[in-house]
Amino acid sequence: MRRALCPGSFDPVTNGHLDIIGRAAALYDEVVVAVFVNQSKSSMFTVDERREMLQDETRHYGNVAIDTFEGLVVDYCRAHEIPVIVKGLRAVSDFDYELQMAQMNRGLAGIDTLFMPTNPEYSFLASSLVKEIAKWGGDVSSLVPPDVFTRLKERTSAG
Ligand code: PNS
């Protein structure tokens, strides 16, 4: 069985993430989307909320599982026998850091990284921008799924 991991913060999941997850789901037998639990980074959504949103938005694929992890991504891969990480590349600016991580992960544990060029429609899209725009009342309805949009509106009007 060919399995791949899509790791990330997903705070919250965007249409850009879903584009990569969907394409990975077409290439692999199973894709595990793992939310990185980062205690030192403040987030808008709790890990459970992020997990729930991902579950709702990927259920229809049938071969995508959602999980969380703490610590090194390669340790998660080894523990779950996943040999490859799939990452989206939006622009050259992503490449430096992603290449560094990919080479480090390969050196640490022999885990390979497959880079997928993001759909140009989403090349500017980042969760951090979505949150900032939503906080100031901007319209992000074309950047995230409708249920995520509703949650963003609730969260930003409550805060
Ligand atoms: O969505 P993000 O925040 O860009 O995702 C980054 C993430 C979580 C994929 C990356 O920071 C990661 O893999 N963190 C896990 C800790 C780790 O293994 N660090 C060493 C990487 S060489």
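**Reading a predicted fold**

Analyst: Leaving out neighbours within four places in sequence, E30 is in contact (heavy atoms within 4.5 Å) with M1, R2, R3, A4, N63 and A65. This is a predicted model, in which local features need pLDDT of at least 70 and side-chain atom pairs count only at pLDDT 80 or more, while totals for chains, interfaces and linings use all residues. Residues are numbered from 1 along each chain as its sequence is written, and side-chain values use heavy atoms, with hydrogens and water left out.

User: Where is E30 placed, and is E30 buried or exposed?

Analyst: Burial is read from relative accessible area: under 20% is buried, over 50% exposed, and in between partly exposed (1.4 Å probe, protein chains only). E30 belongs to strand β2 and, at 18% relative accessibility, counts as buried. For the protein chain, 47% of the 159 residues count as buried.

User: How many helices and strands does the protein chain have, and what pattern do they follow?

Analyst: Helices (H or I, at least four residues) and strands (E, at least two) are DSSP runs, numbered from the N terminus. The protein chain holds 6 helices and 5 strands, in the sequence order β-α-β-α-β-α-β-α-β-α-α. Its radius of gyration, taken over C-alpha atoms, is 15 Å, close to the 15 Å from the globule rule (2.2 Å times the number of residues to the power 0.38), so the protein chain is as compact as a globular protein of 159 residues. Along the principal axes, the C-alpha trace spans about 45 × 30 × 30 Å. Of the contacts in the protein chain with a separation of 6 or more, 75% are between residues 24 or more positions apart.

User: How is a pair of aromatic rings described, and how many aromatic pairs are there here?

Analyst: Such a pair is described by the distance of the centres and the angle of the planes. Rings of Phe, Tyr and Trp (its six-membered ring) pair if their centres lie within 6.5 Å; planes under 30 degrees apart count as stacked, over 60 as edge-to-face and the rest as tilted. The count here comes to 3 aromatic pairs. One of them joins F36 and F69, a tilted pair with 5.1 Å centre to centre and 35° between the planes. Because F36 lies in strand β2 (residues 30-36) and F69 in strand β3 (residues 64-69), the pair ties together parts 33 residues apart in sequence. F36 is partly exposed at 27% relative accessibility, whereas F69 is buried at 7%. F36, F69 and Y76 form one aromatic cluster.

User: Which residues have a positive phi although they are not glycine, and which peptide bond is cis?

Analyst: Most residues other than glycine have a negative phi, and most peptide bonds are trans. F10 has a positive phi of about 50°, and E81 also has a positive phi of about 50°. F10 lies in the loop between β1 and α1 and is buried, at 4% relative accessibility. E81 is found in the loop between α3 (73-79) and β4 (84-89) and is exposed, with a relative accessible area of 69%. The peptide bond from D11 to P12 is cis, with omega near 0°. P12 sits in the loop between β1 (3-8) and α1 (15-27).
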